[in-house]
Amino acid sequence: MIKQLKLFTSLKGASFNKELNTIHRECKQPFTSHLAIQYPSLSILDIEEIYDDAILALYTNVKEGKLKELTC
């Protein structure tokens, strides 16, 4: 997945959107499961909203050129 994310930051246009959808789909279950375990008081709707906000932040930062390389 990290390899895909590194490639993702260099994509533009339709390829960018296709990869964003792939990342969104593939990362959702691990991300939401982790949050559900770490924060059992959160509802599934809250967890999904947090995930969507994180994906939106990723998208925005790549599109604005703030995220060009992943270092983790």
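The following questions and answers walk through a predicted model of one chain.

Residues are numbered from 1 along each chain as its sequence is written, and side-chain values use heavy atoms, with hydrogens and water left out. Because this is a predicted model, local features need pLDDT of at least 70 and side-chain atom pairs count only at pLDDT 80 or more, while totals for chains, interfaces and linings use all residues.

Me: Which pattern does the chain follow when read along the sequence?
Reply: Helices (H or I, at least four residues) and strands (E, at least two) are taken as DSSP runs and numbered from the N terminus. By that definition the chain has 3 helices and 0 strands. Read along the sequence, the pattern is therefore α-α-α.

Me: What percentage of the 72 residues of the chain count as buried?
Reply: A residue is buried under 20% relative accessible area, exposed over 50%, and partly exposed in between, with a 1.4 Å probe and protein chains only. Accessible areas come from the Shrake-Rupley method with a 1.4 Å probe, and for residues only the protein chains shown count as cover. The chain exposes about 5200 Å², of which carbon and sulfur atoms supply 57%. Of its 72 residues, the part that counts as buried is 26%.

Me: Is Y51 buried or exposed?
Reply: Y51 is found in helix 3, and contact here means heavy atoms within 4.5 Å. Leaving aside neighbours within four places in sequence, Y51 is in contact with I23, H24, C27, K28, F31 and T32. Because its relative accessible area is 1%, Y51 counts as buried.

Me: Which residues does T32 touch, not counting residues up to four places away in sequence?
Reply: T32 has its place in helix 2, and its relative accessibility of 12% is why it counts as buried. With residues up to four places away in sequence set aside, the residues that T32 touches are I47 and Y51.

Me: What distance separates the C-alpha atoms of A36 and I47?
Reply: A36 lies in helix 2, which covers residues 13-38, and it counts as partly exposed because its relative accessibility is 36%. A36 and I47 are 11 residues apart along the chain, and their C-alpha atoms are separated by 7.2 Å.

Me: Which residue forms a salt bridge with E64?
Reply: A salt bridge is a side-chain nitrogen of Lys or Arg within 4 Å of a carboxyl oxygen of Asp or Glu, and by this rule the count comes to 1 salt bridge. The closest N and O atoms are 3.2 Å apart, and the partner of E64 is K66.

Me: Which residues gather in a patch of negative charge on the surface?
Reply: Patches are made of residues with over 30% relative accessible area and no salt bridge, like charges being joined within 9 Å, and Asp and Glu count as negative. D53, which has its place in helix 3 (residues 44-63), is partly exposed because its relative accessibility is 45%. The residues that gather in this patch are D46, E49, D52 and D53.

Key:
Patches are made of residues with over 30% relative accessible area and no salt bridge: like charges are joined within 9 Å, nonpolar side chains (Val, Leu, Ile, Met, Phe, Trp, Tyr) within 5 Å. The place of a charge is taken as NZ of Lys, CZ of Arg, CG of Asp or CD of Glu.
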